[in-house]
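Me: I am new to this structure. Please show me how to read its features one at a time.

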Amino acid sequence: MADGALLLSGRYGARRRFLPPRARALAARLGQAGLAALGASLLVWLMLPLAPGDPVEMILAARRIDEPTAEQIALLRERFGLDLPLWLRFLHWLGAVLRGDFGLSWRTGQPVLAGLLQRLPATLQLVGLGFALSVGWSLVLALVSARWPGRWPDRAVLAYTRVAAAVPGFVLALLVLQFVVVGLGLGLVLSNGAGATLLLAAVVLGLDRAAGWTQLLRATLLDHLARGPADVARARGAAEGRILVTYALPPALLPWLTAVGVSLGGLIGGSPVLETIFTWPGVGQWVLQALSVRDVPVIQGFVLVAALAYVAASLLIDALALWLDPRLRAPGGPGA
Amino acid sequence: MIGWPRRPALPGGAAPVPGLLAALIAHPAGRRGLVLGVLLAAMALLGPLLAPFHPDLPDYAAALAPPSATHWLGTDSLGRDQLARLLDGARRSLGGAVLVTVAITAIGLAVGTLAALAGGRLETAVMRLVDVVMALPGLIVAFAVLGLLGPGYVNLLVALAAADWAWKARIARACAFEAIRSPAAQVARHLGVPEWRVVLRHVMPQVLWPLMVLATLGLGGQIAAISSFSFLGLGVQVPLAEWGAMLAESRYYFTVAPWLLVAPALCIFASVLASNLLGDALRDLATPEGRS
């Protein structure tokens, strides 16, 4: 069961031990996380020369200026530091980012960080609520399914996961919005306040995401129900529901947690689509506008922040796994 | 958690392809996936021949007509036949997904196998690059690449390939690493078989099979991604048809023509379902426990 966490902390295990195993594993992950975020930014910069067109042309296109004067071009070159070589621009950008300056949007000329921070709370609300709902939903469904395997609740849950796994998030969101909200005349509810929109979008996110997690948790629960500890409890006369919660759930949570951590990226990356459909004023919508005119500083800022958010979230999941699984923190254990 | 599908031991020394087909037909999920997949593939391949109307030519007189004997699935806001656009769009939705999947499988196979064969510093360097790409969620990589290249169908395919090759390369390297050191490969080397032949006969098949299973399982995700990005206006551009783009065009006419949303959504659902069913079946066939 430790495979997931082991995979993540793996090759740092052989180093000299000057920290307790748990702290060492986390420190290693923290280092990896920082490197990954830096590497991501570097990759975006390295791809920059591949983008068709001169940066100045891209800025002019982003601002919809058709016939620029030489003066305008010179001003833009100076303002965005485009005369410097790429590696110097990258270093300037990195230094500025470390000071909390993400540069200026090519389209609007506004600071990227301010725009990002202004829209971040809305996105965090949506993703956070959707995440909580999907985690709870998949827990409940998997427990119900594993409690009555082969019976109708199990079959219903399996049918749901089959269908939900095959419906992309945007299709589900669109159909819910049109057929349920508009079709049933619930449109007024949405225009009345952000709360209803948020709840609906989060429910869609939850329904969409829970399918894979439910399948995995159900399979692991059934596996643990067939193992020794559960058999012993059964021989002692314990109720099946109690066995499920006491003997099957705790060990089954770990692989599930790893799967949840892995698909967090999908949750973050999927937000632009949901925000567009539900007209939710978050980061995703803003980035999509930037994307359609190739507003590079905004895209770079988004990639960095999304990478950091993803890395931070998976770090949290790793910490949870360490806390849940005694084998990972035992000296000499698989995680040590 | 770890452990990827291995090459299945097919019954009775059957030739690989017919044997695999028979095994898939015997598998309940595989059978359903196969039927759906063949239907959808036929739709994408024969679509332009079957289409009753031109998919992109507007006919304003017939705008938003409900389903009828002439227009089986009705017409959209510009009077274009929905069925013709659905058939035409299949090539872009499904064909694009197949193209991306083939590309990332080939890149993953090449990078992973070559890294494992080269060993040493080159292998380490390549795998570190893979680590960095994999540390990012695939959708974010796709957004970044698409943001730099600009919207467009070809750019979208490039972005999706850039987002997903690393995962395949890592698995290919792991499988190749094992296969290079396998007893069969070692015996062949001792018998004087040249190394290129060892790679071709004993390494490639061991790498190809797990990648094929993953490719089938991942196909659904690529279909979903292509239609999602096209829905957002970043992929297939107007006036060309694509299932996601068709949903985007139809959503504002929902109150007068709700049927326009049903067919493209169903097509996307059926394609992803077919890929999931086939992938699950292949995975079952490839793991010893699933073969009973």
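Me: What is the average pLDDT of chain B?
Reply: pLDDT is the predictor's confidence in each residue, from 0 to 100. The average for chain B is 84, and 92% of its residues score at least 70. Residues 8–15 of chain B have a pLDDT below 50, and this stretch has nine contacts in the model beyond near neighbours in sequence. A contact here means two residues whose C-beta atoms, placed from the backbone, lie within 7 Å. Chain A averages 80, with 88% of the residues at 70 or above. In chain A, pLDDT stays under 50 over residues 1–15, for which the model has 31 contacts beyond four places in sequence. Where pLDDT is low, the predicted coordinates should not be read in detail.

Me: How many helices and strands are in chain B?
Reply: Helices (H or I, at least four residues) and strands (E, at least two) are DSSP runs, numbered from the N terminus. Chain B has 10 helices and zero strands. Its C-alpha atoms fill a box of roughly 75 × 45 × 30 Å, taken along the principal axes.

Me: What share of chain B is buried?
Reply: A residue is buried if 20 or more other C-beta atoms, placed from the backbone, lie within 10 Å of its own, exposed if 12 or fewer, and partly exposed in between. Of the 292 residues in chain B, 47% are buried. Among contacts in chain B between residues at least 6 apart in sequence, 68% join residues at least 24 apart.

Me: Which elements of chain B touch chain A?
Reply: The contact takes 37 residues from chain B and 44 residues from chain A. On the chain B side, the elements giving two or more residues are helix H5 (138–149), helix H8 (195–231) and helix H10 (259–286). H5(B) gives the most, with 10 residues. The chain B side divides into 27 nonpolar, nine polar and one charged. In this scheme Ala, Val, Leu, Ile, Met, Phe, Trp, Tyr, Cys and Pro count as nonpolar, Asp, Glu, Lys and Arg as charged, and the others, Gly among them, as polar. For the complex, the predictor gives an ipTM of 0.83 and a pTM of 0.84.

Me: At what angle do H10(A) and H12(A) pack?
Reply: Two packed helices are described by the angle between their axes and the distance between the axes. Axes are lines fitted to C-alpha atoms, for helices over the stretch in contact, and angles run from 0 to 180 degrees between N-to-C directions. Helix H10 (residues 194–225) and helix H12 (residues 240–262) of chain A pack at about 140 degrees, with axes 8 Å apart. H10(A) and H12(A) are therefore oblique to each other; angles under 35 degrees count as roughly parallel, over 145 as roughly antiparallel, 65 to 115 as roughly perpendicular and the rest as oblique. By class, the contact of H10(A) with H12(A) has 16 nonpolar, two polar and no charged residues.

Me: Which peptide bond is cis, and which residues have a positive phi?
Reply: Most residues other than glycine have a negative phi, and most peptide bonds are trans. A cis peptide bond joins Val238(B) and Pro239(B), with omega about 5 degrees. Pro239(B) is in the loop between H8 and helix H9 (243–250) of chain B. Thr279(A), not a glycine, has a positive phi of about 40 degrees, and Arg294(A), also not a glycine, has one of about 55 degrees.

Me: Are Thr279(A) and Arg294(A) buried or exposed?
Reply: Thr279(A) counts as exposed, with 11 C-beta neighbours inside 10 Å. Arg294(A) is buried, with 25 other C-beta atoms within 10 Å. Beyond residues up to four places away in sequence, Gly150(B) touches Arg294(A) and Asn155(B).

How values were computed:
Residues numbered from 1 in each chain as written. Chains lettered and ligands numbered in written order. Predicted model: local features only at pLDDT ≥ 70, side-chain atom pairs only at ≥ 80, totals over all residues.
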